[in-house]
Amino acid sequence: IRLLNVIDSDVGRPLDHLTHNLEYPDLALKARHVLKTFTPIDEEIRSKEGHWYHARIMLYRPEERVIEGVVLTFIDIDAQKRAQKELEEMSEKALSSAKRFAESIVATVRESLLVLDSRMRVVTANRSFYHTFRTSADETEGKGLFELGRGQWDIPALRKLLQEIIEQDKSFQDYIVEHRFPEIGFKRILLNARMLQEEEKKEARILLAMEDVTGFPVHSREGNK
């Protein structure tokens with residue numbers, strides 16, 4: 001593939017008078033920048049046909065203290081870029097498959113599960129949560145935990161425990177909430193919560209599990225690290 005349209009008679013002509021087949025409109029400008037700053041440039045660029053190259057622009061020094069211009073080199077990295085893209089697509093497919101598998105498991109878990117963001121808004125909930133509390137995704141997702149229902153989860157101690165998870169990466173187990181819910185009556189709910197570790201997510205996520213233990217003798221325990 002011909003990258004630069006150069007012939008013998010072009011010797012001595014300014015670089016910006018020459019045409020090329022690169023998606024690199026600032027080629028001459030970049031060359032002047034290298035001459036001015038003495039700083040080489042390394043970039044990955046594409047040709048107009050879609051092939052990838054590693055472009056390098058550096059000073060031409062025939063002698064140590066003599067600068068006579070710049071040298072432009074273009075190394076074909078198209079095979080590497082294609083391989084990289086294939087690996088990324090494979091990773092995305094594997095991650096998507098793993099997520100679907102995890103979601104299918106979560107959907108069958110007996111306990112009610114909520115995923116909260118750092119502002120205590122519900123990111124998602126499982127089927128058991130909707131069934132137990134007789135609510136829906138429209139009434140739950142995107143809403144603040146402490147606003148759900150009639151504010152039944154707006155408990156200062158629970159707020160504190162959840163905030164500690166975000167700020168100190170703590171977890172808690174067996175925290176009991178007793179409440180008379182409008183639709184389902186009195187319930188004793190055992191709560192467990194911890195930070196979700198998701199490498200691709202920059203924002204913190206909390207997994208909050210709720211188990212209906214109404215009628216069972218249980219003892220709450222303080223949140224622990």
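**Salt bridges, sheet and helix packing**

Arg46 is partly exposed, with a relative accessible area of 32%. Here buried means under 20%, exposed over 50%, and partly exposed in between (1.4 Å probe, protein chains only). The model is predicted, so local features need pLDDT of at least 70 and side-chain atom pairs pLDDT 80 or more, while totals for chains, interfaces and linings use all residues. Residues are numbered from 1 along each chain as its sequence is written, and side-chain values use heavy atoms, without hydrogens or water.

Arg46 has a charged partner. Its side chain meets that of Glu23 in a salt bridge, at 3.4 Å from N to O. (The criterion is a side-chain nitrogen of Lys or Arg within 4 Å of a carboxyl oxygen of Asp or Glu.) Glu23 belongs to the segment before H1, whereas Arg46 sits in strand E1; the pair therefore ties together parts 23 residues apart in sequence. Glu23 is also partly exposed, at 42% relative accessibility. Under this rule, 10 salt bridges are counted.

Strand E1 is part of an open sheet. Three strands make up this sheet, in the order E1-E2-E3, with antiparallel pairing. (Strands are DSSP runs of E, at least two residues; helices are runs of H or I, at least four; both are numbered from the N terminus. Pairing requires at least two DSSP bridges.) E1 spans 41-46 and E3 spans 69-76. Both stand at the edges with a single partner strand, so one side of each has no neighbour in the sheet. Neighbouring strands are turned by 25° against each other on average, direction ignored. (Axes are lines fitted to C-alpha atoms, for helices over the stretch in contact; angles run from 0 to 180 degrees between N-to-C directions.)

E1 and E2 run antiparallel and are joined by six bridges. E2 covers residues 52-60. Ile45 has Tyr53 in E2 as its bridge partner. The side chains of Arg56 and Asp42 meet at 2.8 Å, N to O. This pair links distant parts of the chain, with Arg56 in strand E2 and Asp42 in strand E1, 14 residues apart. Both residues are partly exposed: Arg56 has a relative accessible area of 30%, and Asp42 one of 42%. The loop between E2 and E3 holds Ile67. Ile67 is partly exposed as well, with a relative accessible area of 32%.

H1, residues 27-37, lies across E1, E2 and E3. Helix H1 runs at about 40° to E2. Ala28 is one of the residues in H1. Ala28 is buried, its relative accessible area being 12%. Beyond its neighbours within four places in sequence, Ala28 contacts Leu15 and Asp16 (heavy atoms within 4.5 Å). The C-alpha atoms of Ala28 and Pro14 are 8.5 Å apart, although 14 residues separate the two along the chain.

A further salt bridge lies within a helix. Glu164 pairs with Lys160, and their closest N and O atoms are 2.7 Å apart. The two are four residues apart in helix H4 (residues 156-168), so about one helical turn separates them. Their surroundings contrast. Glu164 is buried, with a relative accessible area of 15%, whereas Lys160 is exposed, at 52%. Lys170 joins them: Lys160, Glu164 and Lys170 are linked in a network of salt bridges.
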